[in-house]
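Please read them alongside the sequence and the coordinates.

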Amino acid sequence: MGLLLKIFIPLLGLALAFYFYSAPENFNEEMLRGKRVIVTGASSGIGEQMAYHLARMEAHLLLTARTEAKLQKVVKRCLELGAASARYVSGSMEDTTFPEVVVKEAENTWGGLDMLILNHIGYTYFNYFNGDVGHIRKLLEINFLSYVAMTTSALPMLKESEGSVVVISSTAGKTGAPFSAPYSATKFALDGFFSSLRHEFIIDKVNVSITLCILGYIDTENAVRAVSHAIQDTPAPKEECALEIIKSGVLRRRELHYPSQAVGSLLLLRDIAPNFLDSLIRSNYKVENIRR
């Protein structure tokens, strides 16, 4: 059985990758030169790496996160790497007014916006659901409602520039997995909202693209700290992940699956053999290391 899985799953991933990317467009770093980009959750992890890639591509950057000291260091590094400009706004997405503050800063500074990359997440636990409904409400505010609020505020500028919205989601927003119920709920919400919004844009001939990024296990400090004791997989590199997100947004792709084979296989199995997929997911956890 193990040998069959080792052969079968990569083949599924390749088939799905071919389905989604059979006619790839060419990416050129010059596509970002001079573009005005907001990146949220930019003080560490994937957001920080996206900021550095965009800086090398000579984009104008507005970065947000909670911790001002970390943002200052990232902005300084972005300017050293060649960003056309780089600035930050620190604050928490728990504050329902903060998304509008960030977008207003972009409008006042640049007079427009080309790309909105929504990457921030709130803290949650990796464990059995403990019945805390208040925690889910708070997480929905940060992981979902602030994404909607920022997109709403930025939409007039994005319509004018015929720009892009890039939404960072997860395999947890496509299929259920144990020990992540609150987080998974917020990611499913993103998929539902932005997939519906994409339809409306097409119907109304609004030339603003929406790219939903479905990410697997990435080697960010927060992710590794939270789940490495319980998951048997090897995390994928955050630097490469960040670059693939940027490419997908610029090329206006509907979805990014990263790592492509692993995520592609999971999504295909979800549709053709959901019970088999569920058993595979559960078998990948070291349940004995999860403490209630």
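**Notes on the predicted model**

1. Proline 259 is placed in the loop between S7 and H9, where helices (H or I, at least four residues) and strands (E, at least two) are DSSP runs numbered from the N terminus. The peptide bond that leads from tyrosine 258 into proline 259 is cis, with omega near -5°. This is a predicted model, in which local features need pLDDT of at least 70 and side-chain atom pairs count only at pLDDT 80 or more, while totals for chains, interfaces and linings use all residues. Residues are numbered from 1 along each chain as its sequence is written, and side-chain values use heavy atoms, with hydrogens and water left out.

2. Strand S7 (residues 255-258) contains glutamate 255, a residue that is buried at a relative accessible area of 8%; here buried means under 20% relative accessible area, exposed over 50%, and partly exposed in between (1.4 Å probe, protein chains only). Glutamate 255 and isoleucine 245 are separated by ten residues in sequence and by 9.5 Å in space, taken from C-alpha to C-alpha.

3. Arginine 252, found in the loop between helix H8 (238-250) and S7, has a phi near 60°, which is a positive value in a residue other than glycine, and arginine 252 is partly exposed, with a relative accessible area of 32%. Phenylalanine 179, in the loop between S5 and H6, likewise is not a glycine and has a positive phi of about 75°; its relative accessible area of 9% makes phenylalanine 179 buried.

4. Helix H9 (residues 260-272) packs with helix H10 (residues 274-283) at an angle of about 135°, their axes being 6 Å apart; the axes are lines fitted to C-alpha atoms, for helices over the stretch in contact, and angles run from 0 to 180 degrees between N-to-C directions. H9 and H10 are therefore oblique to each other, given that angles under 35 degrees count as roughly parallel, over 145 as roughly antiparallel, 65 to 115 as roughly perpendicular and the rest as oblique.

5. Which residues of H9 and H10 meet? From H9 come Leu266, Leu269, Arg270 and Ile272, and from H10 Pro274, Phe276, Leu277 and Leu280, contact meaning heavy atoms within 4.5 Å. The residues of this contact divide into seven nonpolar, no polar and one charged, with Ala, Val, Leu, Ile, Met, Phe, Trp, Tyr, Cys and Pro counted as nonpolar, Asp, Glu, Lys and Arg as charged, and the others, Gly among them, as polar. Within H9, the buried residues include Val263, Gly264, Ser265, Leu266, Leu267 and Leu269.

6. A search of the whole structure finds 13 salt bridges, a salt bridge being a side-chain nitrogen of Lys or Arg within 4 Å of a carboxyl oxygen of Asp or Glu. In one of them, the side chains of aspartate 191 and lysine 174 meet at 2.8 Å, N to O. This pair links distant parts of the chain, with aspartate 191 in helix H6 (residues 181-203) and lysine 174 in the loop between strand S5 (164-170) and H6, 17 residues apart. Aspartate 191 is buried, with a relative accessible area of 13%, and lysine 174 also counts as buried, at 13% relative accessibility.

7. Arginine 33 forms a salt bridge with glutamate 58, whose closest N and O atoms are 3.4 Å apart. Because arginine 33 lies in the loop between helix H1 (2-21) and strand S1 (36-39), and glutamate 58 in the loop between helix H2 (45-56) and strand S2 (60-65), the pair ties together parts that are 25 residues apart in sequence. Arginine 33 is partly exposed, with a relative accessible area of 45%, and glutamate 58 counts as partly exposed at 35%.

8. Valine 89 is found in strand S3 and is buried, with a relative accessible area of 12%. Leaving aside its neighbours within four places in sequence, valine 89 is in contact with residues including Leu62, Leu63, Leu71, Phe98 and Val102. Valine 89 and alanine 106 are 17 residues apart in sequence and 9.9 Å apart in space, C-alpha to C-alpha.
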